[in-house]
Amino acid sequence: ASSSQRRFLVIGRISEWKGQQFVIDALRTVEQPIELMILGDSAPGREAYEQHLRDSAQLLQRHTVRFVGFVNNPDAFYRAADFVLVPSLLPE
């Protein structure tokens with residue numbers, strides 16, 4: 001990411017109700033280049049939804065989306081992020 005890009009972090013299981021798609025869709029309306037880091041894996045048997053997210057992210061023109069997967073210690077990602085998003089569509 002360039003120094004002018006803001007870094008956003010979404011952490012948690014990849015799932016329809018966790019809001020990753022909401023963030024990807026919202027980025028379509030943002031002019032400033034954003035780097036979105038998505039930490040977490042899909043549940044077994046839900047890999048097709050993760051692929052759907054990856055496909056949606058590839059359509060973004062100005063932004064970078066990194067799918068990191070599950071990490072045991074996400075501290076470095078929290079420190080690198082300018083903003084941490086919790087876009088859950090249902091109560092946690």
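**Pro33.** I started with Pro33, which is partly exposed at a relative accessible area of 32% (buried means under 20%, exposed over 50%, partly exposed in between, with a 1.4 Å probe and protein chains only). This is a predicted model, where local features need pLDDT of at least 70, side-chain atom pairs count only at pLDDT 80 or more, and totals for chains, interfaces and linings use all residues. Residues are numbered from 1 along each chain as its sequence is written, and side-chain values use heavy atoms, with hydrogens and water left out.

Pro33 sits in the loop between H1 and strand E2 (34-39); helices (H or I, at least four residues) and strands (E, at least two) are DSSP runs, numbered from the N terminus. Leaving aside residues up to four places away in sequence, I found Pro33 touching Gln5, Arg6, Arg62 and His63 (contact means heavy atoms within 4.5 Å). I also checked Pro33 against Ala80, 47 residues apart along the chain: their C-alpha atoms are separated by 16 Å.

**Trp17.** Next I looked up Trp17, in the loop between strand E1 (6-11) and helix H1 (20-27). Trp17 counts as partly exposed, because its relative accessibility is 32%. Its contacts, not counting residues up to four places away in sequence, are Ser88, Leu89, Leu90, Pro91 and Glu92.

How are the strands ordered? I get an open sheet of four strands, E3-E2-E1-E4, with parallel pairing (two strands pair if DSSP finds at least two bridges between them). E3 and strand E4 (83-85) are at the edges with a single partner strand each, so one side of each has no neighbour in the sheet. On average, neighbouring strands are turned by 20° against each other, direction ignored. E1 and E2 run parallel and are joined by six bridges. I noted Arg7 with Glu35 in E2 as its bridge partner, and Leu9 opposite Met37 in E2.

**E2.** Is E2 enclosed or open? E2 is largely enclosed by the rest of the structure, because six of its six residues are buried. Both faces are covered, with Ile34, Leu36 and Ile38 buried on one side and Glu35, Met37 and Leu39 buried on the other. H1 lies across E1, E2 and E4 and runs at about 170° to E2; axes are lines fitted to C-alpha atoms, for helices over the stretch in contact, and angles run from 0 to 180 degrees between N-to-C directions.

**Cores.** The largest nonpolar core has 15 residues, and Ile14, Ile24, Leu36, Ile38, Leu53, Val65 and Phe67 have the most contacts inside it (such a core is a set of buried Ala, Val, Leu, Ile, Met, Phe, Trp, Tyr and Cys residues joined through side-chain atoms within 4.5 Å). E1, H1, E2, helix H2 (47-58) and strand E3 (64-69) each supply at least two residues of this core. Apart from it I found another core, of five residues, including Leu9, Met37, Leu39 and Phe77.

**H1 and H2.** The axes of H1 and H2 come within 10 Å and cross at roughly 10°. The two helices are therefore roughly parallel to each other (angles under 35 degrees count as roughly parallel, over 145 as roughly antiparallel, 65 to 115 as roughly perpendicular and the rest as oblique). Gln20, Gln21 and Ile24 in H1 meet Tyr49, His52, Leu53, Ser56 and Ala57 in H2.
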